[in-house]
Amino acid sequence: MEHPHTPLRRGWTTGSCATAAAKAAWQALCGQGFPDPVTITLPGGQDVAFALAAHGHGPDGAWAEVVKDAGDDPDVTHGAHVRVEVRRAPAGSGVVFRAGPGVGTVTLPGLPIPPGEPAINPVPRRMIRKALTGADGHEPDVEVTISIAGGADMARHTLNGRLGIVGGLSVLGTTGIVVPFSCAAWIDSIHRGVDVARALGLPHVAGCTGDVSERATRALYALPEEAMLEMGDFAGGLLKYLRRHPVPRVTIGGGVAKMTKLAQGFLDLHSRRGQADMGRLAALARGIGAPDALVDAIAQAHSVAAAFALAAEAGYPLGPVVARGAWQVACDVLAGAPCVLDVLLFDRAGTLVAGHGPYPVAG
């Protein structure tokens, strides 16, 4: 029996898991044995204990491994084995981070970590440094190598390649906690995509709702991969960030249903946030001269795609008015940012249905 009101279980970021493994390995290297469980302090001040999955000593160091528990979040890294090896480094080195197997390397500018560095984000680095710092406040001279078993394969299901992170996953986290279905990681990836595009000096970026609209938009403008922002349902997350960090030209592309929702003021286009208002869509049809029978049929249509088909067959295409409405909503969110904006609507086959703004006219 399902219990829809049961609170979703929170989990731990890769950064938290790496911190716990690093602390355990460091304590063992210092002759204190492997603490199991090992307790770390999250950025918010909470103390959390992690069980070790494995541990051991190497020729000149110690290592420990923690299995990531992402809670009830659909995280590709749930169950990943995060292993950290700690070795002493020359005096004055401080804490030096290395990417082991399954952890990526940054290759493009614009991310919080510069090119050439392992893809271990600033907050996990601070967490690890704090965990290794003694009671006297002295930061040790140590080399910390983080590995994630199968990380290179997992990374293919993330946005890392588009962000210029090659060879594996990023070690992420800002709070140390994974909040189920918060979508924060996705939105953060969108923001990092904008940062990379700006750092590369790209004059044009595009955010699309899915693979079909992304392929069609990219082909229409011959855009490089780094210009494509995997917006998904998070139109608001992209547009609000672009308002503060503008790019000269912005394209928003998507299927007719999600673009209709954008035109109706939805900034989160996921179905859980509500469905398109078919009555409002019917009113748009009336506004372009559709007869009462067609207006009524659109209001009763079972889907936006069906309504578009009815209107097109009768010679009253909804695409242009929906594109104009979506463009206006997006413009309002951009709030005067120096961006030239266009909005594109595609059908399920990737054919351009309509656009608004300075978009190329098909054919």
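Because the model is predicted, local features need pLDDT of at least 70 and side-chain atom pairs count only at pLDDT 80 or more, while totals for chains, interfaces and linings use all residues. Residues are numbered from 1 along each chain as its sequence is written, and side-chain values use heavy atoms, with hydrogens and water left out.

**The overall build**

Let's start with the whole thing. The protein has eleven helices and 18 strands; helices (H or I, at least four residues) and strands (E, at least two) are DSSP runs, numbered from the N terminus. Its C-alpha atoms fill a box of roughly 85 × 55 × 30 Å along the principal axes. Of the 363 residues, 48% are buried, where buried means under 20% relative accessible area, exposed means over 50%, and partly exposed is in between (1.4 Å probe, protein chains only). A contact means heavy atoms within 4.5 Å. Among contacts with a separation of 6 or more, 64% are between residues 24 or more positions apart.

**A five-stranded sheet**

Strands of a sheet pair through backbone hydrogen bonds, either parallel or antiparallel. Here, two strands count as paired if DSSP finds at least two bridges between them. Five strands make an open sheet with mixed pairing, in the order β4-β5-β6-β10-β7. From one strand to the next, the twist averages 15 degrees.

Look at β6 (residues 81-88) and β10 (residues 142-148): they run antiparallel and are joined by seven bridges. Arg88, for instance, has Val142 in β10 as its bridge partner. Helix α1 (residues 14-29) lies across β4, β5 (61-67), β6 and β10, at about 40 degrees to β6. For such angles, axes are lines fitted to C-alpha atoms (for helices, over the stretch in contact), and the angles run from 0 to 180 degrees between N-to-C directions.

Grid points are joined across faces, edges and corners, and a volume is the space filled by probe spheres set on the points. In the table, Ala, Val, Leu, Ile, Met, Phe, Trp, Tyr, Cys and Pro are nonpolar, Asp, Glu, Lys and Arg charged, and the others, Gly among them, polar.

| Space | Volume | Lining residues by type |
|---|---|---|
| Second largest pocket | about 330 Å³ | seven nonpolar, five polar, four charged |
| Largest cavity | about 70 Å³ | six nonpolar, two polar, three charged |

The second largest pocket is lined by 16 residues, with Gly255, Val256, Ala257, Phe346 and Arg348 nearest its centre. Helices α5 (211-221), α7 (256-263) and α10 (304-313) each give two or more residues to that lining.

Residues lining the largest cavity include Leu159, Arg162 and Met228. Helix α4 gives the largest share of this lining, four residues.

**Two residues up close**

Is Thr77 buried or exposed? Thr77 counts as buried because its relative accessible area is 7%. It sits in the loop between β5 and β6, touching Thr14, Lys68, Met154 and Leu169, leaving aside residues up to four places away in sequence.

Ala309, in helix α10, is partly exposed because its relative accessibility is 44%. Ala309 and Ile298 are eleven residues apart in sequence, and 9.5 Å apart in space, C-alpha to C-alpha.

Conventions:
On a 1 Å grid over the protein atoms alone, a cavity is a set of points where a 1.4 Å probe fits but cannot get out, and a pocket is an open set with protein on both sides within 12 Å along at least five of seven lines; lining residues have an atom within 4 Å of a point.
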